[in-house]
Amino acid sequence: STVLSNLQQQPADALLALIKLHNADPRADKIDLGVGVYRTDSGATPVFAAIKAAEQRLLETQDSKAYLGPEGDMDFVHALMPYVFGAANPTFDGRIEGMQTPGGTGAVRLALALAKRAGVARIWMGTPSWPNHAQIVADLGLELKGFGHATPGGQADMDSLRAAVASAQAGDAILLHGCCHNPLGIDYAPAQWDEIATLVKAKGLLPIIDLAYQGLGEGMEEDAYGLRRVLGEVPEALVAYSCDKNFGLYRDRVGAVYVMMADAAQVNAALSNGHALARAAWSMPPDHGAAAVRIILQDQALVALWQGELDEMRARMRQVRAKLAASGKAGAVDLAPLGSQNGLFSIVPLNAEQILAMREKHGVYMAGSGRINVAGLTMGNIDQFIAAVADVTS
Ligand code: PMP
């Protein structure tokens, strides 16, 4: 037989398959809670006005599209740092530097590849998690060590985290969601982050913090609490950042990876490995979206416009969550916990049969895990969703 015919059919991505089913459904009142993008109360995912303004300026002023380098747009990388690491000391005294990546996915990929290059063999991670975390860990040949992220009661499971850290070895890495946990929406409270920072430091673990939804949870500053708290404690860390949600740039693929070293003098050497890995993988990141973010962040009026739009998104998601929580029990499902969860996602505890009935009988499309995109709910369809949950569980 031929060589390429050795490539076996891979299972279709379940969420992409769900999009196809949703598109083919003729019902006017169908509800898509699958895909992870923000939607307005009228169901749209518009380009931010701040991005439109920045793109306009980019169109008028950009005079070359000559290559940058594997590090991408460093003015973008630096302009983001006060928001991520705090305006008071955004470089942690020169100990943090970064590079642009193709989205948060590129940033997670590079962070894990850097950890591997540095000699890390095991990645500890709360489960369930964003499915791509495990895929990237496996693709890099790293060993994944899972622990439960949440208790059955819907709290962050500190006991499992403590047990995981206790059985980890110094030099292992721990991958943490900075905020707006995907898929559970269950974040660590500030006091829990304080403990995590102490535990991770004491054990000598390398923290890898994935911050893909800053500003979509409780606010830009609040959502960075855990990251800053952990980085304030440990000598070294890696941060994977995405601008794809908080600037609505999804397909433009805007992200950055940051390295924090014990000593500022070590930063360039460490990051040169990121450049080498990027060169061998994608050479350099796509420019357009990062350039638009840079233009916003360098202009106070555009910053105000962007933050207003982000505030509106967050307020809408809070409104949806409050309405779900206020409905309390929908059949056998208690929706109250969704009120205090954060970000785009939560899990509604339905079984496979109930999820199928949600789709077939009620036109509600949700992932097989029970994950819903809360931004897929609007003041116009939320009652239909709650009634559907009640119907399939009673
Ligand atoms: N990390 C997490 C936890 C995510 O949920 C996502 C997006 N779904 C990403 C990283 C990557 O985002 P992107 O590559 O679209 O910027």
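Okay, let's start at Val-257. Leaving out residues up to four places away in sequence, Val-257 touches Gly-98, Met-99, Thr-101, Ala-107, Leu-110, Ala-111, Leu-238, Val-239, Ala-240 and Gly-274; contact here takes C-beta atoms, placed from the backbone, within 7 Å.

Quick note: this is a predicted model, so local features need pLDDT of at least 70 and side-chain atom pairs count only at pLDDT 80 or more, while totals for chains, interfaces and linings use all residues. Numbering runs from 1 along each chain as its sequence is written.

Now, the core. The largest nonpolar core has 116 residues, and Val-257 is among those touching the most other members, along with Ala-111, Ala-173, Ile-208 and Val-239. Such a core joins buried Ala, Val, Leu, Ile, Met, Phe, Trp, Tyr and Cys residues through C-beta atoms within 7 Å, and buried takes 20 or more other C-beta atoms within 10 Å of the residue's own. Which helix gives the largest share of this core? That's helix 4, with eight residues. Helices, by the way, are DSSP runs of H or I, at least four residues, numbered from the N terminus.

On to the ligand. Helix 4, residues 103-117, also gives the most to the shell around the ligand, four residues. In total, 14 residues surround the ligand, the closest being Gly-103, Gly-104, Thr-105, Ser-242 and Asp-244; the cut-off is a C-beta atom, placed from the backbone, within 6 Å.

Last, a helix pair. Helix 6 (residues 158-167) and helix 7 (residues 190-203) pack at about 10°, axes 10 Å apart, with axes fitted to C-alpha atoms over the stretch in contact and angles running from 0 to 180 degrees between N-to-C directions. They're therefore roughly parallel, a label for angles under 35 degrees.

Key
Helices (H or I, at least four residues) and strands (E, at least two) are DSSP runs, numbered from the N terminus. A residue is buried if 20 or more other C-beta atoms lie within 10 Å of its own, exposed if 12 or fewer, and partly exposed in between; C-beta atoms are placed from the backbone. Two residues are in contact if their C-beta atoms, placed from the backbone, lie within 7 Å. Angles under 35 degrees count as roughly parallel, over 145 as roughly antiparallel, 65 to 115 as roughly perpendicular and the rest as oblique.
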